[in-house]
Amino acid sequence: MEIFAGGSFVDFVNNALMNSDRSGEDYISIEGEERRPSHNILAKIRHTTLQLSLIFLCGIAQLSPAAYFLRRDLFSSIASFIKSPDTEQYTFEAVLLLAILADFHKSDAAKLNPYLSRIKDSDDKDLMRKICWAANFALTTSIKQYQEISDDDMSPTLAATFNTFISSLRPDRALSSTPVDPPRELFKSQPIEATVILLPLYEFLRGNMLFSSIFLESLSDEDSQYHPPLTIISLSSYLLTHATSASQPRSIAYAGLGLNVLLALVENDAALTVFSRPCKQYIRLCRQRLPLLPAPARTGRVPICALLDCCVLWLQHNLHIRLEVQLYMKCIWICHRIVFYLQKTRNRLEYSWKEFWSALLGLLHFLATKIDSLLTTGGVEQLIRETVLLLNLCLSKCEYFLPAPRSIHELIYELVRSSSDLQSQAVLMKKLAMPEATNKRHSLNQQQPTEVLMRLITTTQFYERKITEVKARTPGEAFRAIARDIDANGLHGVADTREPEPLVHSDAVFGFSRYACLDGLALMP
């Protein structure tokens, strides 16, 4: 096993704290001499050395002494440590060390960081499977912590029924006929520190296609006892539900990392193909804040539905005056990728689309009514553009991915209900005044969001007139008027144009290193 020499590393840390550059050079030279296979080093000593490495790197974070580790490529040593039968139980810490090394000065020295290139070029399947196993275990623990705070299990067990009965006897719930939100302060320390394993997962998923295939292979193996992709989706639902509820920057940072992981997955058509197949495993999603998602099927549901549910949870639960615009943009990109894939493959997805439309249009309503109250409007115009383009994709291709005519009727009905909000977006886009030239979407006919928005408005106004003509007095009558016209004449004003392939938006995650280092330190003895 190749690993640091324990005593030399302790000496290095001691000298490094005294700001001795020479000590760093001496350490690396000693360390280099010791990096030879040795079967005599005890696993405990090797583990302790690994922990000391983590403590040192997390303690100095992005400061210059960590650069010494870029002069020696320790990727092979870490990989050997992970695969060794004596030390494989410490895989989590070893993978975290690799992530901290790969994250060092990523924004300005990515090409100089050997660990990023080694992650990208690695073809070690055994290493990748060990990483997936360790990540699945850690993230499952993180999910359970959320569930221990507030049990959101839908299983109709005797114990759950009894607990519900006892809970109903509490004075604060005795008169309540509807579910109530648990206090948001309960989740302010979530997720647990072990969730930091998301960082190396993202680096591998974004940079290494072989790792992506290894990551997904458990969904094709009926005998597999663990399913990392489903664990990621389940955890993401909790991260995204509670991201801004307690106004904790750490929770928001983890939600951003979760969105980046989901974005990296959906930008891989192979992953979307796997996620489009029925799944025997139940994907438990967060049901700890109102409004609740519709109750999903226990088995046979395709994971892509759970991905959309995660996006709905983010859209519903994080609308605040301190709007996380960039994270909302990532969420919209995830939705766009999924819908584009569904229409491209002619996959008519059975899904609760009404909640999806409500979440998207709820975002536009929030922007239309709260724009003057937002603490920042940076990026809002682009967010409006991306949301409008997504709605246009949904409308123009609805016959290819919606499961039944009623779903199309519901889409038009929800657009008509939000007609005033759609019209407000045109005013907002002019007010925020972002030049059209900044739109980088590549298309044969270069459709501009302003033009797309006007077509949406024209369509909604057409069906508004149809509702007026029949003198509809109730929502039900309005819905039936829309349905009759669509069934008789088809969709009005919708052209079946060729949609361009969405751009790849997943990129290096910046700004998370602070939380990775803090949580890495918290995990050390």
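Helices (H or I, at least four residues) and strands (E, at least two) are DSSP runs, numbered from the N terminus. This is a predicted model, in which local features need pLDDT of at least 70, side-chain atom pairs count only at pLDDT 80 or more, and totals for chains, interfaces and linings use all residues. Residues are numbered from 1 along each chain as its sequence is written, and side-chain values use heavy atoms, with hydrogens and water left out.

Reader: In which loop is Pro191 found?
Author: A cis peptide bond joins Gln190 to Pro191, with omega about 0°. Pro191 itself belongs to the loop between helix H9 (158-168) and helix H10 (198-207).

Reader: Is H18 parallel or oblique to H22?
Author: Axes are lines fitted to C-alpha atoms, for helices over the stretch in contact, and angles run from 0 to 180 degrees between N-to-C directions. Helix H18 (residues 380-396) and helix H22 (residues 449-469) pack at about 50°, their axes 9 Å apart. Angles under 35 degrees count as roughly parallel, over 145 as roughly antiparallel, 65 to 115 as roughly perpendicular and the rest as oblique. Therefore H18 is to H22 oblique.

Reader: How many disulfides does the count come to?
Author: A disulfide is a pair of cysteine sulfur atoms within 2.5 Å. The sulfur of Cys286 lies 9.6 Å from the closest cysteine sulfur, in Cys310, which is too far for a bond. By this rule the number of disulfides is 0.

Reader: Is Lys471 buried or exposed?
Author: Phi of Lys471 is near 55°, a positive value in a residue other than glycine. Buried means under 20% relative accessible area, exposed over 50%, and partly exposed in between (1.4 Å probe, protein chains only). With a relative accessible area of 68%, Lys471 is exposed.
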